[in-house]
Amino acid sequence: MSPTTARRRLTREESRAQTRERLIDTAQHLFVSNGYGGASIRDIADKAGYSQGAFYSNFSSKEDVLLELLRRHMEAEATQLSTVLGNDAQQPEQMLAELEAWASTLNHDADWCMLSIELQLHANRSPTFAAEYRKVWDKHRSEIGGVIGLLFDKLGRSPPAAPDELAAAFMALSHGLALQRMSTRPDPSGRLIMVFLRGLIASAECRGTAAVAPADSSSRAPKKHAAKKARR
């Protein structure tokens, strides 16, 4: 029996999942190469090898595909970060080294950098899309904030601002650098994020330090005063 005749026939669910994946991949390629406005639903369906009916059986609009691409990217990023910091046996420097290795891959996907521009531009132009875009963005910020909070907790330090606020700042930095990306230059996003993160960690107070310092200074003052009285 030849390999062709022996190939297992896909179930209806598997076939639909395959169609959906091909439409998503094709849409991403066209959004990057032609821009969101320059890629029609007909273009996406034709390029993927399907009818427009196949597109509408999986997505209600191009915006749905764009949001799916955003969700996938952000979910993958949050999962990777959680994996990096998920080992309780890690020493702080080992943990930071692994985080640095992960950060070095940020914005290396040129297609994602272009797609992030399309996402931002469309969010600025479409209030309905902007509302959904904000939901995905806020969820990601909360997840990244949880990772940042965990990092400072493992290091025994107090974050200088709310973890969600730090997450928003790092996301803005990464996104802004992606917008400025030039294919002829190395992308500095991960390196700069780690520079700022290490600076924040170095300047952060150790847990309990702030509460102990005032008590120590006040307890030393009376003793010094008493010693002066004794000498008189």
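Reader: Which element gives the most to the lining of the largest pocket?

Author: In this predicted model, α5 gives the most to that lining, contributing nine residues. The lining as a whole has 38 residues, and those nearest the centre of the pocket are His73, Glu77, Trp102, Leu106 and Ser174. Besides α5 (62-84), the elements that supply two or more residues include α6 (92-103) and α10 (189-203).

Reader: What makes a residue part of the lining of a pocket, and how is the lining of the largest pocket divided by class?

Author: A residue counts as lining when it has an atom within 4 Å of a point of the pocket. By class, the lining of the largest pocket, whose space comes to about 710 Å³, comprises 25 nonpolar, ten polar and three charged residues.

Reader: Why are α6 and α10 called roughly antiparallel?

Author: The two helices pack at an angle of about 155°, their axes lying 8 Å apart. Angles over 145 degrees count as roughly antiparallel, and α6 and α10 are therefore described as roughly antiparallel to each other. The crossing in which α6 passes α10 is right-handed.

Reader: How do you know that α6 and α10 are in contact, and which residues meet?

Author: Contact requires heavy atoms within 4.5 Å, and on that criterion Glu93, Leu96, Ala97, Leu99, Glu100 and Ala103 of α6 meet Gly190, Met194, Leu197, Arg198 and Ile201 of α10. Divided by class, the residues of this contact are seven nonpolar, one polar and three charged.

Technical notes: Residues numbered from 1 in each chain as written. Predicted model: local features only at pLDDT ≥ 70, side-chain atom pairs only at ≥ 80, totals over all residues. Heavy atoms only, no water. 1 Å grid on protein atoms, 1.4 Å probe; cavity = no way out; pocket = protein on both sides within 12 Å on 5 of 7 lines; lining within 4 Å. Points joined across faces, edges and corners; volume = space filled by probe spheres on them. Helix = DSSP H or I, 4+ residues; strand = E, 2+ residues; numbered from the N terminus. Nonpolar A, V, L, I, M, F, W, Y, C, P; charged D, E, K, R; others polar. Axes fitted to C-alpha atoms, helices over the stretch in contact; angles between N-to-C directions. Parallel < 35°, antiparallel > 145°, perpendicular 65-115°, else oblique. Left-handed = near helix turned anticlockwise from the far one by under 90°.
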